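Colleague: I'm new to this one. Can you walk me through it?
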Amino acid sequence: MSPKPKFQTPTGTKDILPSMQPLWNFVLTSFENAAKFYGFDRIDTPIIEDAELFIKGTGMDSDIVQKQMYNLKTRGGDSLVLRPEGTPPVVRAYLEKGMAHLPSPVKLYYEGPMFRYERPQAGRLRQFRQFGVEVIGDSSPVIDAEIIQLFAVMLESVKIKEYTIHINSIGTEQCRVKYKKILKEYYRSHQRQICATCRDRLRSNPLRVLDCKDEKCQRIKIQAPPILDYLDDESSKDFKAVLEYLDSRNLPYFVNPNLVRGLDYYTKTVFEIFSGLPQDEEEGVALGGGGRYDGLVKDLGGQDTPAVGFAIGMDRVINLLREQGKLPPKKAAPRIFLVQISNLAKKKSLSLIEDFRSAGINIRESLGRDSIKSQLNLADRFDVDYALILGHQEALNDEIIIREMESGSQETVSFGSIILQMKKRLARKVKKSKK
Ligand code: HAM
């Protein structure tokens, strides 16, 4: 066994190796195309942001702010963090760059790495990528349904057909204040039967007791008064409307009264999309989640502006596709290998490579090698159809040799005609292999 390398990826991070890049590109391009069709424009925000943005935005009581942020103290004494999520940065940019003056709603999408100091386990990383969308400036429930539809379209665009939408409404701030009291009241008589985290949460962020996964808390949770019974009229009406829109599109949703989401800014609709069908016994993984956040723009210093959005965990989507063995179609590998011998040939090769690129023909080469044998071996390993051999004499004579790899037959042609020659040969070979 080879010795363990001295340096490894930090815990909870990973390399995306060349072999995986086509799958990542396929997912990213499919998601981008869907988002663009729905009128979203791309935004990129920095990976580092002011810590205060998340304390105010994601919320002091959230796990993210409490224990998951990577804090950076700069030499200048600024308190920055590696961004744990994309929503507060997008709202910061919206306010800072005057996007409130653009036609409303403003629809933005982003993709990039997020950082959370979590205990790594299956599907949970410390650096992971999210694809997110945010619609800022529209309070209609049809927008909630539209983005859930977009989420579904994105999953289907990468051939994920089995998923379940968990949806709930947590109402406005006012109804939550009332509901939190009722929930605390209910849990008061069950203090001894719940886990220590829930006991803490009852004090700091009572709604979170509803998404505790601890087995002994489940029994208590089932009997808890559902938040949907305590919504104000407007939240209730909006939630009904969202469900009706989803019904009209036949989207597979499931009203989950325990879904509260761990970020403090949510209001009204919240949702999470899991892999697998509603009837599956095993709960799938959360591929993404989102909801309305009608108070965040104001909390971050803007006017009262409603908003809604979601983020998909790209790594989880990729894992699912890999598990299901769904890989994007392989890109055609280059069918030509350029062999060169001598300095003059290397010089001419540099310009020839550019000519092939301009002509849209992929080729392989190994300019650092000098031996013809090792270059032809490589050509064999790459399984190309043709090797082009540019020796010192050919370079002097303005010629080049075309070698057909399968038969070994060779022909010398003029250097200037090689692009045209290869275009013809490649086209002929395609025709032959199609017969
Ligand atoms: P979130 O639920 O915290 O929401 O994250 C969204 C998705 O990111 C999760 O469902 C999961 O797929 C992925 N994810 C989160 N943490 C990890 C992790 N440690 N490792 C791998 N994947 C992870 C948000 O971030 C909100 N900003 C979504 C949103 C946008 N709400 C409104 N607009």
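Modeller: Some terms to begin. Two strands pair if DSSP finds at least two bridges between them. Strands (E, at least two residues) and helices (H or I, at least four) are DSSP runs, numbered from the N terminus. This is a predicted model: local features need pLDDT of at least 70, side-chain atom pairs pLDDT 80 or more, while totals for chains, interfaces and linings use all residues. Residues count from 1 along each chain as its sequence is written, and side-chain values use heavy atoms, without hydrogens or water.

Colleague: OK. In which sense do β3 and β4 pair?

Modeller: Antiparallel, over 4 bridges. β3 covers residues 70–73 and β4 residues 79–82.

Colleague: What stands opposite N71 in β4?

Modeller: V81.

Colleague: And how many residues lie between the strands of that hairpin?

Modeller: There are 5. In this hairpin G77 takes a positive phi near 90 degrees.

Colleague: Switching topic. Where is Q149 found?

Modeller: In helix α5, residues 141–157.

Colleague: Buried or exposed?

Modeller: Q149 counts as buried because its relative accessibility is 18%. Buried means under 20% relative accessible area, exposed over 50%, partly exposed in between (1.4 Å probe, protein chains only).

Colleague: Which residues is Q149 in contact with?

Modeller: Leaving aside neighbours within four places in sequence, Y38, R249 and L251. Contact means heavy atoms within 4.5 Å.

Colleague: How do α1 and α5 pack?

Modeller: At an angle of about 145 degrees, with axes 9 Å apart. Axes are lines fitted to C-alpha atoms, for helices over the stretch in contact, and angles run from 0 to 180 degrees between N-to-C directions. From α1, the contact includes F26 and F31; from α5, L150 and M154 are among the residues.
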